[in-house]
Amino acid sequence: MRRLRRYAIPFVAWMAVFIVVPTLILLFLSFSDYSLYDGGPFAFTFARFEIFAAPLVLTAIGNSVALAGATTAACFLIGYPVALYLSHLPEKTGKILMSLLIVPLWSNMLLRIVAWEKVFTPDSFFTDLTGLSIDLLGSKTAILVGMVAMYLPFMVFPIYSVLEKLDRGLVEAARDLGADDAQVFLRVIFPLSAGGVLSGVIMTLLPALTSFVLPARLGLGRVPLIGNVIESKLMKEVLGSSGRSINEGALVSLSLMVLSIVLYILATRFDREGETLL
Amino acid sequence: MKRILLLFLAVAAGLTALACESKPKLHVLNWGDYIDRDLVERFEDQYDVDVIYREVGSNEEMATLLQSGSSTYDIVVPSDYMIDKLVELELVQPLDFDLLPNYADLTVMPRLAALYEDAPWRDYVVPYAWGTLGILYDTTVPGLSDHVASAGWAALFDPAGTYDVGMYDSPRDAVAAALLYYGFDVNSTDEEELAMAQSALVAADYTAWGEDSLKSLVIGGTLDLALVYSGDYFSEYAAAVDEGRAVTFDYFVPDTTNVWLDAICIPTAAEDLTLAYRFIDFMLEYEHALQNSDYIGYAPPFQEVFDTMTTHPDYGYDDDHFDPYPLGATRQIYAYGSDARAEALVAILAAAKAG
């Protein structure tokens, strides 16, 4: 092991420069009134927390939690049966169907968002094809459908990888001992796949919580999410706020990071071996 | 620790070697699809240089890039109010017009020149393109053309919600539209006027808040009308004509509106001043200015180019909306104002979006 350690140096250096240092800067900006671009003297302060009282930020947090929660729930309800079905197929068929889920991920996410935007337009190519007009742009439904389409594969993969490795002998044993289908599923299969479910939930929940392009385009900017607040704070409001908006954006970003870390720790506690986490 | 240091040095040395091996570089920061790349290539060939071109989507992004200093730029093309702020922050430098011989051969259109002759940034810019703020609407909606023409700005502020209206998701533009609706100045700092603007924006309860997405929403039928820049209209108009689609939309410019002006500046931190001036002067050569303005399709700031584009049969820019400042119209140009005002604008937009 010792001899291998030096091969990790590039990685460690990379992490230090591009992850640890930026996080420290984020931390510093969140708790100080330091003006990133103007420099000068600064003091540590908790004043930036006032941002969490702003109506738009509160709305955004509410929207984010509700939409990310709904997305995750929908992905689970759709994704679990899919993963279960795929895991029962012969290996080759399963792999082919699985790759059908992966291939869309290779296309640019923005393109997929714009495609949904076209579908949700009153007079779209979809209308020409089917005669149905879906005028959903600007609604939470549109965002939800878009997010589920975007993040569903991330729910399916980890569940599938757990189910695929599941020891069939355990299922047969349960049946031999008289369990019916429902009992086999609820008391054997599902508990054994819980680690995968948890990974799936994290893999879906976190990107859904932080997305900002998708809600801006499919929600027509009417449904602000927390990602939009960060974008606005760091990209749009910088000059007008004597730099303060950067500190506010940093604090909101940091809060999301803390939330992610908490969720991650919960997940690793639950899934000690950590082997299902992608 | 030593190893890490060595590795860093090795990487740094590698990067420096890469950077040094080639020709002089000119770093340009501009808007997306806002220059004829053929001209850039010709410039590169003529002077045997590399132009590193970076595109951004907003003035704020441009300013953030200049302010952060993460990389230096030799040329930047911001708009009026942002130039105002960049001058105040000393992020751009005054131009030496003696180094731009071609500039003397062109005449800035007098009505445009009058708009910024008193501005503190007058000597920092070479104008690049200009246009108006106006209303893009769907001509297939019965009665909408008449409604927009008679109501003017009020068409964007109808609390009854007869039409699906889109508003620019930019504090300065949204508030300017509301101020114009009441007949106030776009640069108003009067608290009462700004409060009225906020109420109007809140009451309008927009169907969509967007940026360059608004134009396609109007054309796609999601929106009936929206606040847009003239550039949004021209690019869609050109696209429709090129693709042989029917033009189902039009652009209305109320008598009093804002004029935007994008202009070339040289950042204070520019590294290659000689090359920067060469580039600007290259773009100012009459033939090049004409080719570039024809490519981007917005009104050119120079009278000679404008006249050719509107009268010469090869160009035919005779669109009613092409002249951003026709006789009889009133035009206002943004000033940055104070940081406090900019912050107030952000707050107004936040309130309007929160409903």
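**Strands, helices and the chain contact**

Me: How many of the 7 residues of strand β1 (residues 25-31) of chain B are buried?
Reply: Strands are DSSP runs of E with at least two residues and helices are runs of H or I with at least four, numbered from the N terminus. A residue is buried if 20 or more other C-beta atoms, placed from the backbone, lie within 10 Å of its own, exposed if 12 or fewer, and partly exposed in between. β1(B) is largely enclosed by the rest of the structure, because the number of its 7 residues that are buried is 6.

Me: What kind of model is this?
Reply: Residues are numbered from 1 along each chain as its sequence is written, while chains are lettered from A and ligands numbered from 1 in the order in which they are written. Local features need pLDDT of at least 70, side-chain atom pairs count only at pLDDT 80 or more, and totals for chains, interfaces and linings use all residues, the model being predicted.

Me: Which residues stand opposite B:V28 in β2(B) and in β3(B)?
Reply: Two strands pair if DSSP finds at least two bridges between them. β1(B) runs parallel to strand β2 (residues 50-56) of chain B, joined by 7 bridges, and parallel to strand β3 (residues 75-76) of chain B, joined by 2. Opposite B:V28 stand, in β2(B), B:Y53 and, in β3(B), B:I75.

Me: Which strands are the edge strands of the open sheet in chain B?
Reply: The open sheet has 3 strands in parallel pairing, in the order β2-β1-β3 of chain B. An edge strand pairs on one side only, and this holds for β2 and β3 of chain B.

Me: What is the handedness of the β-α-β unit of chain B?
Reply: The unit consists of β1(B), helix α2 (residues 37-47) of chain B and β2(B). A crossover is right-handed if, with the strands pointing away from the viewer, the path from the first strand over the helix to the second runs clockwise. The unit is right-handed.

Me: Which element gives the largest share of the side of chain B that touches chain A?
Reply: Here 28 residues of chain B are in contact with 27 of chain A. By class, the side of chain B has 11 nonpolar, 9 polar and 8 charged residues. Its largest share, 8 residues, comes from α15(B).

Me: Is A:G196 buried or exposed?
Reply: A:G196 is found in helix α9 (residues 181-210) of chain A. Since A:G196 has 28 C-beta neighbours inside 10 Å, it counts as buried.

Conventions
Two residues are in contact if their C-beta atoms, placed from the backbone, lie within 7 Å. Ala, Val, Leu, Ile, Met, Phe, Trp, Tyr, Cys and Pro count as nonpolar, Asp, Glu, Lys and Arg as charged, and the others, Gly among them, as polar.
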